[in-house]
Structures are given as structure tokens and as C-alpha cells.
Amino acid sequence: MFPLGSVLLPGERLPLHIFEPRYQELLRDCLTTEDPSFGVVLIERGHEAGGGDARHAVATMAHIVAHQDIGDGRYLVECVGAERIRVDAWLEDDPYPRADARAWPDEDDTPVLAAQFDVLHEKIRELYRLIGTLAEAEGSEPPGEPAFSEIPADAGERLFTLASMIPLGESDRHDILSAPGAAARIVALTDGLDNITDIVRFRLQ
């Protein structure tokens, strides 16, 4: 397991700079497997370096797609978030953080209607317009328009992809990751989206 101060959502890319000895060993062990991967979990309390932190129980598997040895035992690693997992028990951090965990697919199959996605897409477009206005006011480059053409068809996966397009806080991102199914996930995503939109509107006043 790799505790971080940020949430990895399924489908997101995660670049890492591995320099701590315990994670150097984790990487070496992962690379001996047919599908090198490890769990990424949000730290609830404490810090990334040195251990001694408290961690959440919901995590995401990170599949290693590329790595580069840059000397002195350090590595640049490129990962992609995959399936969601739930931690049943934390084990001793020896030689690195470990846990008994299992895959956690969506439990709730309540459908998300196309009209709900239409509303969500328009809310995201509006946020991008507001961020663009704020960027111009501050003399920075506005973001490009959000693209919804190449996102997964599955409702649960689609919501993870949409969440990755929004500058949400880690608490909101963890709520989205922890939602039991698509119906709860769209509620968590909409709440987080409304929060960040209100913040941008406030900054524009």
C-alpha cells in the first residue's frame, strides 16, 4: 500500500518519485509480479514521509505502466488508477505499508438517468466558464473547454472520469471514491462541484 495526501480515482494517471527506502523495496517487489500494482490510499491524519499516519479504508489499485531508474535508488514511476478496493485490516508497516484488502465493485445498481448526466455536464461547463473568467481577470491562461466525447459508457466509471476533470478538494474526491454506487456517486460529485463553483463565484465578486 502507498499512503498519499491525495486521492487516486480509477482511470486517473499518477506520476510518482520514489525515494524512500521502504517504497523502493515496494517497487522492487511489485516489479517481480506479472501485473505490477499496489494500493493508493488517502492519509486521514499525519504525513506521507516517515510513517506513523492514519489511513482511510477505501483505496484504489495503481497499475505501474512505466518506470525509470534515475540513480541513487530513486525512480520515476507512472501509474494508472484501476479498480477500487476496501481495506479489511492494516498490517505492520514492515518492510512497507501493507493491508488485507479486497476488490470493492459498486454495490448499488440504481441507474443514473441520461438527464442527470446532461445536468452534470452543464454544471461542469459553467464551472469552466467561471474559471476562465477568473483566469482572465488574474492575467493567467484560461482552461480549455471540457470534452465529454471520450468518457466511459458505464455510469460509475463515467462519474470517476468527470470527477477527475474538476478541481475538487481531497475530501470531496474521497467521498466520490467511497460512494457505494453510481447513484450516490453523482450526488457526491454534484455536491463537490457546487462547492467549488461557489468558491470561484465568490472570488469573482
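Colleague: Which residues does Arg55 touch, not counting residues up to four places away in sequence?

Modeller: A contact means heavy atoms within 4.5 Å. By that rule, Arg55 touches Pro3, Val41, Leu42, Ile43, Glu44, Trp90, Asp93 and Pro97. This is a predicted model, where local features need pLDDT of at least 70, side-chain atom pairs count only at pLDDT 80 or more, and totals for chains, interfaces and linings use all residues. Residues are numbered from 1 along each chain as its sequence is written, and side-chain values use heavy atoms, with hydrogens and water left out.

Colleague: What joins the side chains of Arg55 and Asp93?

Modeller: A polar contact is a pair of N or O atoms within 3.5 Å; within protein, one must be able to donate a hydrogen and the other to accept it, and residues adjacent in sequence count only if both atoms are side-chain atoms. Here the polar contact spans 2.6 Å. Trp90 is another residue that Arg55 touches. The C-alpha atoms of Arg55 and Trp90 are separated by 9.1 Å, at 35 residues apart along the chain.

Colleague: Is Arg55 buried or exposed?

Modeller: Buried means under 20% relative accessible area, exposed over 50%, and partly exposed in between (1.4 Å probe, protein chains only). Arg55 has 12% relative accessibility, so it counts as buried.

Colleague: In which strand is Arg55 found?

Modeller: Strands (E, at least two residues) and helices (H or I, at least four) are DSSP runs, numbered from the N terminus. Arg55 is found in strand E4.

Colleague: In what sense do E3 and E4 pair?

Modeller: Two strands pair if DSSP finds at least two bridges between them. E3 and E4 (residues 54-71) are antiparallel, over seven bridges. Arg45 has Ala54 of E4 as its bridge partner. Strand E1 (residues 2-4) also pairs with E3, in the parallel sense over three bridges.

Colleague: Why is strand E3 described as largely enclosed by the rest of the structure?

Modeller: Count its buried residues. E3 covers residues 37-45, and seven of the nine are buried, so the rest of the structure largely encloses it.

Colleague: Which residues of helix H4 are buried?

Modeller: In H4 (residues 170-178), they are Asp172, Arg173, His174, Ile176 and Leu177. An α-helix has 3.6 residues a turn, so residues three or four places apart point the same way. The cover over the buried residues of H4 includes E3, E4, E5, H3 and helix H5 (182-204).
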